[in-house]
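Work through the exercises below with the sequence and coordinates open. Each task is followed by a stepwise solution.

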Amino acid sequence: MKTRSLYCVPALLFFLPFLLFPLVDCLGLSRFVWDGITQDKVFVGLGHYRALWLDPVMRSSLGHNALLILFSLLFQLSLAFLLALFVSKLSRGARLMKGALLTPLMLSPVACGLLWGDLLDPHLGPIQTGLRGLGILSRPQGWLSDPGWSLFWIFIAISWRHVGFHVLLMLAGLERIPRQTEEAARVDGAGRLGVTFHITLPLMGKTVALCGLLSVVGSLKYFDLVYAMTRGGPAHATELVATYAYKLAFDQSRMGYACAAFSVLFGLTFGAGVLYRLLRGRSG
Amino acid sequence: MTRRVAPVAPVVMVAFVAGLLSVVASCKKTKPALEEKTKLVFWHIQTSDPTKGIIDAAVKRFEAKHPGVQVEVVPIKNDPYKTKLRVAVGAGQAPDIFHTWGGAPLAEYAEAGAVADLSGFMDDEWRARLLPSAMALCQKGEAVYAVPQDVGVVVLWFNETLLKSEGVPPPEDFSSWLESIKYLRQQDVIPVALGNKEGWPGAFLFDYSLERMLGREETSRLLNDPTQWEDDRVIEAYGKLQTLKDAGAFQEDFNAAGYDQSRMLFFTGRSAMTIMGSWLLAHCTKEMPDFLKDLSLTRFPQVEGGAGNGTVLGGVNSAFAVSSSCQEKSIAVELLRELTSEETLTAWAEAGRLPAAFLDEPPTGAPRQWLDLKKILDEADSLACYFDQSFPPRLAEKHKELIQRVLMGDQTPEGAAKAFAQEAKALQSETGMEE
């Protein structure tokens, strides 16, 4: 037993100073009004959490995070599942397809954000120029500056970057399904859709759940791509909790308040993880 | 199988920890060798040439004059700089010398006791060389918290060839500007390129409009007490933004485009004008030198009957502060002297930037637009600091957000004025609590 626990030492050496300590420190700081520079801190207890509850920007940021989660679970994972089915059926070019799907993940999130910003540019970007050339658009459109649409484009950029990763996970899940089960269903007269919904999908439950958890946690913590693409703007229209907390800390000098926002974010992410464990435990 | 492997584990662990410790120990060992020389750590934000090279050359000259001193120069990109500096100062690890923009952000560090008062180190001759308007943004009373090196002024840049071909004269006042904008829009030309993703370029329009209407004294009064922001003239200034937007002044994605994108629209002839700081000249020289022949500039349009038509909006783009934790302040100040020397600042001007000092000789290699910028700066009645550099950080962010909101029609001018006053009152009560 003693030797076994020694194996944890390298992980703990990383975990304690770089994760646990900052986390505890962040929770501690969230009880103070502090600008991040001076040594003077004013104790406000849970005051910051009460203020966050009433803060309209925090509320809308949470809403945007929730929308991202919903979109990711509904559309990104469905698309990943369909793509995985498609790739698994390919007799040729499957490796090329996997490579192509994974390429966006190789780019840094900041590069992705800037790339999509340029792609969507109404005057210089290829998407709108192309659509105008085809006669589909008559005038340049400010898609990213329109608060009604900007979050949608952010979601497109995020999905473009991450869908390949989910496809790979699901392909691994598909490979674990015994062929005989599917073949037996076919012999019994199940159609293509029937096999997909009644055999493939239920047998991939664990993989789908894992993809779901990664999507939920990823959507909660999202920061870099959004910050590079829109900076959470215009006027908080694409603000997420992480971008808002960053701005509170470093643009507005409200370090204590920002720590409270980060703590809420941590609580939500942690909660998602616990919920996943509970659900998995229950499903056996 | 497991049992055989298990005894190896402690050995691996011990080796791992010992390895870590030896790395830490070796880091410590190298320290005394460096400490033979006095070491100064210097953070700045010039990450590309020519300005980066100019700073490096100044540091080399300083090191040649002070053989016992070694300067560790750390160029950091503009965006992460604020974050890094705040974390370093908050953790008590401030660099000895660091870049600052003057104004309210510097005042914040001064109030926290993080920067040294340099007034005792500066002689009259040196002080007299520095522009008083720039010095004012680095001082509080008699105390000097930074030495300014570069100033910026905001002007209306225009594509001379494009305006001529459209038969539009460079605008002088707000109403003629509005007429030109409407005409250019009909000709399918983007009248004004605006990259307002970060809010400050749009804030230039508002800041200038308010300054033009109120004049320096009245504006300062409001800036000093932003709880009084619900003022008719403030509302009128927000209204001017709306008028410009409704006239079709800007490209469609002005609130999502950054300064990079807006200047590309301007440099490639897709837009006729842009409101930007003097640094646009340095960007044009570097990125699109062919456009220099078309590039011209004039003052921001005047407002009929306004009290502040002689004001120029601008500020300190770069000043250098010495941290209060610096052990060798007098030597650090000598580096600041070299960074603001005639030789350094002449090279600075030739790169198309405006030095924060009077030069003995006008630079020979500067582009013609540099002389126009210098003239506007020299002839100005007063220099008004960008509002977001005058406000405390929290209000500065609110200011930029509200300008985005007014421009996208999400907030009325009255609503914006009210929201800003409310934020100012909230900040006041929170600061009152701290005190």
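**Exercise 1. How far apart do the C-alpha centres of domain 1 of chain B and domain 2 of chain B lie?**

Solution. The model is predicted: local features need pLDDT of at least 70, side-chain atom pairs count only at pLDDT 80 or more, and totals for chains, interfaces and linings use all residues. Residues are numbered from 1 along each chain as its sequence is written, and chains are lettered from A and ligands numbered from 1 in the order in which they are written.

Step 1. Take the bounds, which come from an automatic or database domain assignment. Domain 1 of chain B is 33-151 + 315-377, and domain 2 is 153-314 + 386-434.

Step 2. The C-alpha centres of these two domains of chain B lie 28 Å apart.

**Exercise 2. Describe the side of domain 1 of chain B that touches domain 2 of chain B.**

Step 1. Apply the contact criterion: C-beta atoms, placed from the backbone, lie within 7 Å. Domain 1 of chain B gives 20 residues and domain 2 of chain B gives 19 residues.

Step 2. Assign elements as DSSP runs, numbered from the N terminus: helices (H or I, at least four residues) and strands (E, at least two). On the domain 1 side, two or more residues each come from helix H5 (103-111), strand S10 (311-322) and helix H16 (368-379) of chain B. H16(B) has the largest share, six residues.

Step 3. Sort by class. Ala, Val, Leu, Ile, Met, Phe, Trp, Tyr, Cys and Pro are nonpolar; Asp, Glu, Lys and Arg are charged; the others, Gly among them, are polar. The domain 1 side has eleven nonpolar, six polar and three charged residues.

**Exercise 3. Characterise the contact between chain A and chain B.**

Step 1. Chain A contributes 33 residues and chain B 37 residues.

Step 2. In chain A, helix H1 (2-6), helix H2 (9-29) and helix H13 (241-250) each give two or more residues to the side that touches chain B.

Step 3. That side of chain A divides into 15 nonpolar, 13 polar and five charged residues.

Step 4. The model scores ipTM 0.85 and pTM 0.86.

**Exercise 4. Which strand of chain B pairs with S9(B)?**

Step 1. Pairing requires at least two DSSP bridges between strands. Strand S6 (residues 147-159) of chain B pairs with S9(B) in the antiparallel sense, over four bridges.

Step 2. B:Asn159 stands opposite B:Leu295 in S9(B).

**Exercise 5. Where in chain B does pLDDT stay under 50?**

Step 1. pLDDT is the predictor's confidence in each residue, from 0 to 100. Chain B averages 89, and 91% of the residues score at least 70.

Step 2. pLDDT stays under 50 over residues 1-6 of chain B and over residues 23-34 of chain B.

Step 3. Where pLDDT is low, predicted coordinates should not be read in detail.

Definitions and conventions:
Contact = placed C-beta atoms within 7 Å.
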